[in-house]
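Dear colleague,

Here is the structure I said I would pass on. My notes on it follow below.

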Amino acid sequence: MKKILLSAIICFIAIMNCNYVEAKEYTKGNFLYEYKMQKEGVWITRITPLSSKGIATLKIPKRLGGRKVVKLGGIVEDGDNETDLFGVRIPEEVSQYHPVNIYKRVLKIKTIRIPSTVKIITENCFMFVPDGKNINIPKGVVENVLYFTNIKWNKLTISPKNKKYKIVDGCLLSKDGKIFYDMVKKRKKLIIPKEVRQISSIAKYDGVKTIVIPKGVNQIDEFALSSQKAVTVKISKENKRYVVKDGSVYSKVTGRLVTGYVKNGVLKVPNQVKSIGKNGCLGPQPRTIIIPESVTNIFSLLYMTEEDKLTCVCKGKTPPKLNGECFGWVKNLILYVPKNCKSKYQEQWKFSPNVKVTIIEQG
């Protein structure tokens with residue numbers, strides 16, 4: 001019995017060691033690979049360019065130590081100080097890429113070739129990789145693919161055998177082409193592919209000046225279509241659900257404001273809109289929001305901007321219903337309301353005691 005128990009303990013330790021063995025190293029060309037042996041195969045935790053020359057193409061090996069490479073990505077060492085696959089990070093105390101010499105070498109890499117054996121890519125794998133490179137996504141990688149869109153690649157390809165994603169005209173789409181996730185390369189004019197039916201909220205439109213939405217889109221997620229700078233949105237006249245008014249986009253079916261156009265710090269909500277608050281913003285965060293009489297519902301007014309001070313010009317004599325209220329970024333709220341309506345707004349709109357609220361009646 002004791003021998004059986006001892007054997008079981010030895011087997012258990014062996015299995016554990018299989019997953020937690022210390023990192024090994026392998027050098028090929030001008031790259032040093034650090035990796036760990038796991039039960040499923042090899043996990044490459046770091047790739048270090050050893051020179052600034054001869055590194056234009058990084059061809060990651062299929063096998064190391066006699067086993068298949070199945071995972072790529074840096075290890076989280078202390079929670080807030082993540083490193084990417086090349087060991088690059090941004091220390092809080094310096095707020096710049098570190099180590100500088102490694103980052104400069106990574107800049108010289110033009111193409112990254114990921115082997116078909118890879119099935120897992122960590123969230124932080126390419127976190128600090130500069131834009132403009134060529135890369136591929138193998139057929140087995142279906143998790144954390146959306147983190148690829150944090151970088152604008154020169155060319156990103158996905159294996160046609162990948163079961164979850166595909167690339168069409170520089171756009172990352174679901175395999176069936178119905179969901180638009182994001183762009184994967186820089187462009188000034190983004191034309192959403194005609195097969196798309198849903199626009200995800202994860203997309204970032206940095207550098208885009210115009211977005212063209214086809215007639216088939218019937219779902220734009222909450223908080224979608226946001227950009228740091230003003231963007232012009234054009235929607236097919238044949239689209240049955242969404243329309244553009246004064247630069248903003250809203251749903252003709254539900255009256256929901258989808259994204260608000262901000263000009264000179266002002267978001268003027270179109271008169272046809274019934275609901276605001278879960279919308280994106282086309283441009284900088286608004287300092288003033290003009291709310292028409294048609295609006296009957298507001299979700300988290302204090303979260304509609306990241307500014308400390310917000311001015312709201314409310315046109316309705318009946319205060320819209322507030323949902324999800326109390327806290328937010330706004331600490332100083334100025335409300336302009338119709339004449340003889342101050343008491344109604346005071347009664348129905350309740351905020352955190354930390355928010356200074358000033359209500360002014362307009363004649």
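Tyr-165 sits opposite Ser-174 of β12. The model is predicted. The pair belongs to strands β11 (residues 165-168) and β12 (residues 171-174), which run antiparallel and are joined by four bridges. Two residues separate these strands in their hairpin, and there Asp-169 has a positive phi near 50°.

A hairpin is also formed by β19 and β20, with two residues between the strands and a positive phi near 55° at Asp-246. Strand β19 (residues 242-245) runs antiparallel to β20, and four bridges join them. Across this pairing, Val-243 stands opposite Tyr-250 of β20.

The pairing of β20 with strand β21 (residues 257-263) is antiparallel and rests on two bridges. Here Tyr-250 stands opposite Leu-257 in β21.

In a regular strand, side chains alternate between the two faces of the sheet. For β20 (residues 248-251), both faces are covered. Ser-248 and Tyr-250 are buried on one side, and Val-249 and Ser-251 are buried on the other.

Which side chain of opposite charge is nearest to Arg-256? That is Glu-222, at 5.7 Å. A salt bridge would need a side-chain nitrogen within 4 Å of a carboxyl oxygen, and Arg-256, though buried, has none. Leaving aside neighbours within four places in sequence, Arg-256 is in contact with Ile-220, Asp-221, Glu-222, Tyr-242 and Lys-278, as well as Ser-275. Its contacts also include Val-249, Tyr-250 and Ser-251, three residues that are buried in β20.

The last item is an open sheet of three strands in the order β14-β16-β18, paired in parallel. β14 (189-191) and β18 (232-235) are the edge strands; each has a single partner, so one side of each has no neighbour in the sheet. Neighbouring strands of this sheet are turned by 15° against each other on average, direction ignored. Within the sheet, β16 (residues 210-213) and β18 pair in the parallel sense over four bridges. Ile-213 stands opposite Ile-235 in β18.

Regards

Key:
Residues are numbered from 1 along each chain as its sequence is written. This is a predicted model: local features need pLDDT of at least 70, side-chain atom pairs count only at pLDDT 80 or more; totals for chains, interfaces and linings use all residues. Side-chain values use heavy atoms; hydrogens and water are left out. Two strands pair if DSSP finds at least two bridges between them. Axes are lines fitted to C-alpha atoms, for helices over the stretch in contact, and angles run from 0 to 180 degrees between N-to-C directions. Buried means under 20% relative accessible area, exposed over 50%, partly exposed in between (1.4 Å probe, protein chains only). Lys and Arg count as positive and Asp and Glu as negative; His and the chain ends are not counted. Contact means heavy atoms within 4.5 Å.
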